[in-house]
Amino acid sequence: MIILFLNFIQQVTSVLNDAVRSAGFEVNDLELGPSQHADLSSRVAFRLASVAKQSPKDVADRIASEVVIPEGSYIGKVEALGPYLNISASRSFIDAIVSGIREKKESFGGNFCEGRILLEHTSANPNGPLHVGHIRNSIIGDTLGRILKRAGYNVELHYYVNDMGRQIAIVSWALEHFEFDESSKPDHAIADVYIKANAELETHPEKVAEIDRLMQLVESGDEETIERFDKAVGLAVAGIKETLGKMNVSHDEFPKESSFIRSGDVSRIVDEIKATGRTEIDNGALVVDLLDYGFEKTLVIQRSDGTSLYTTRDLAYHEWKGERADRIIDIFGADHKLISGQLKATLNAIGKKEPEFVIFEFVSLPEGSMSTRRGKFISADELFDQVKVRALEEVDKRRPEMPDDFKKQVADMVGIGAVRYDIVKVSPEKSTVFDWKEALDFEKQGGPFVQYSHARACSILRKAKDEGLWDSEAIIAPSLLVEDTEIALIKKMGMFDNVLDQCAKELKPHMLAIYGRELADAFNQFYRFVSVLNAEEEDVRASRLALVDCARIVLANTLDTLGMGAPESM
RNA sequence: GGGCCCGUGGCUUAGCCAGGAUAUAGCACCGGGCUUCUAACCCGGGGGUCGUGGGUUCAACUCCCACCGGGUCCGCCA
């Protein structure tokens, strides 16, 4: 296990704690953080100043003068600059990063955590295709899953299939009343009849009773109704899986809501909740009182006709998840905020493991919010098609001499990469408005920029190999890498484990996207300022080629963790 | 009406939870760089009352209060 920057932080913590003690102070937080002026910076002097009755600057000087750096440390020096203690990396840290990457290759930067995590994401209702709002869920969830796996967790990914809610009853009903277009992608064809059915139910409210009837039948286990529901759900899910595959998203399991009814888990958990004495009958419905958890209103867990609700089935699902994993993580849209809080409180009330939530805000259209029911949405498939067409134009413009299958392959990789990057780079609590012009704009420093840097690194190595200059196993001297841009690139690569650690701890995948851009930036600056193949000395060239290989590896690892393709040429 | 989230240069955005060094990048704009490893690149420049008003603090984009603007949720939908 090689975890470079995390080791560096540990060493700094130990050395500074000793220095603080030697200077006669006591402190429990060194207030370490990143800085533009050093590799790591401590603001501890501010905190000690009042106790010491000295200025922060004097305290910093006093601590700095007590610093003892052990032989071979990753710490180069610690110096006080005003009130700050600035720590810089040592040469041995730089060398360790280069050898660490060469040793670990694609597994570099990970495996520092353990435990089982059950991560649920997307879980869109099977009443139509995924739209541009749903894929924010998919991309955040899938990226987080990749981050957690690389960090060392055993991660299982779930798509929870709603196969018995009101909306599915409507889909099933719709298939009986409207023509299903066999020639379309099935999820789109499902949306088509679902939209018609909703319009029909709106103009003929008396038909809603037929939907209620279907829901009662499916809950009571009526074989024929169950089969009809299954057929509808199967069609939509098949289309959804195809769309997920296009953007490199896959799930390990697709558990169905109905399975928790049939297993008896739902009725058992209702009994467990009843046993807490928190329930009461309100207008015929069974409700749970969660006032002591801060919820003003009660939570309905059973309709007055005795059928269960999404919430009830979700409680059973979460209980089941809790038995299989150490941590449960759900990716939910902002509309689920209240219900997820109630879910968590109810699980707590019956002594079950509570889930952690990643909540993301909505993606809307310029004309308003999206709605499958009203047919107001832009499907993910449509977005991918458009983006690939745009990407193909770009590849064609830049590499006209290449064969068509190369162009198509690169366009697909770049198109999907651009979409994934664009979505994951924005922090989830920001609501966004979908804009075609922006979605198809490749000029910005986004996904293709990171992929391009990887292709550049590959290109250098390919050329070196052709000329017989490159041996990936060659012993090289990292100490020959002394240029500013070389050092900056190495340090940036060394941050990979720390970034993964932060993302995994805070469940914030957007920070990895930012890192990817910074890493690509560092590589491009190195590329611009330092010749590799034309280096004067042979050993310097060998070291630089090894550095390019390191950059290729870390860029590829970053792209892989972001779920983006790493093209060797583009 | 109440709860939660957001409000940072023309546009998009990091930092905010764990307050401290000239507020981060990109797009757009202006200027420079391809006989040299792919210019989907690099270098430089202009542009910001960090929504508004108070408060806490030696120090506030960051914490507290009020207000304004946008989003979202508020029992038998999911």
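A residue is called buried when its relative accessible area is under 20%, exposed when that area is over 50%, and partly exposed in between (1.4 Å probe, protein chains only). The model here is predicted, local features need pLDDT of at least 70, and side-chain atom pairs count only at pLDDT 80 or more. Residues are numbered from 1 along each chain as its sequence is written.

**Exercise 1.** Find N127: where does it lie, and is it buried or exposed?

*Solution.* Step 1: locate N127 in the loop between β5 (116-120) and α5 (134-151); helices (H or I, at least four residues) and strands (E, at least two) are DSSP runs, numbered from the N terminus. Step 2: N127 counts as buried because its relative accessibility is 5%.

**Exercise 2.** Which side chain does the side chain of N127 join in a polar contact?

*Solution.* The partner is Q167, at 2.9 Å. A polar contact is a pair of N or O atoms within 3.5 Å; within protein, one must be able to donate a hydrogen and the other to accept it, and residues adjacent in sequence count only if both atoms are side-chain atoms.

**Exercise 3.** Now look at the open sheet: in what order do its three strands stand?

*Solution.* Step 1: the order is β7-β8-β9, with antiparallel pairing; two strands pair if DSSP finds at least two bridges between them. Step 2: β7 (279-282) and β9 (299-302) are the edge strands, since each pairs on one side only. Step 3: four bridges join β7 to β8 (residues 285-288). Step 4: check that E280 stands opposite V287 in β8.

Conventions: Chains are lettered from A and ligands numbered from 1 in the order in which they are written. Side-chain values use heavy atoms; hydrogens and water are left out.
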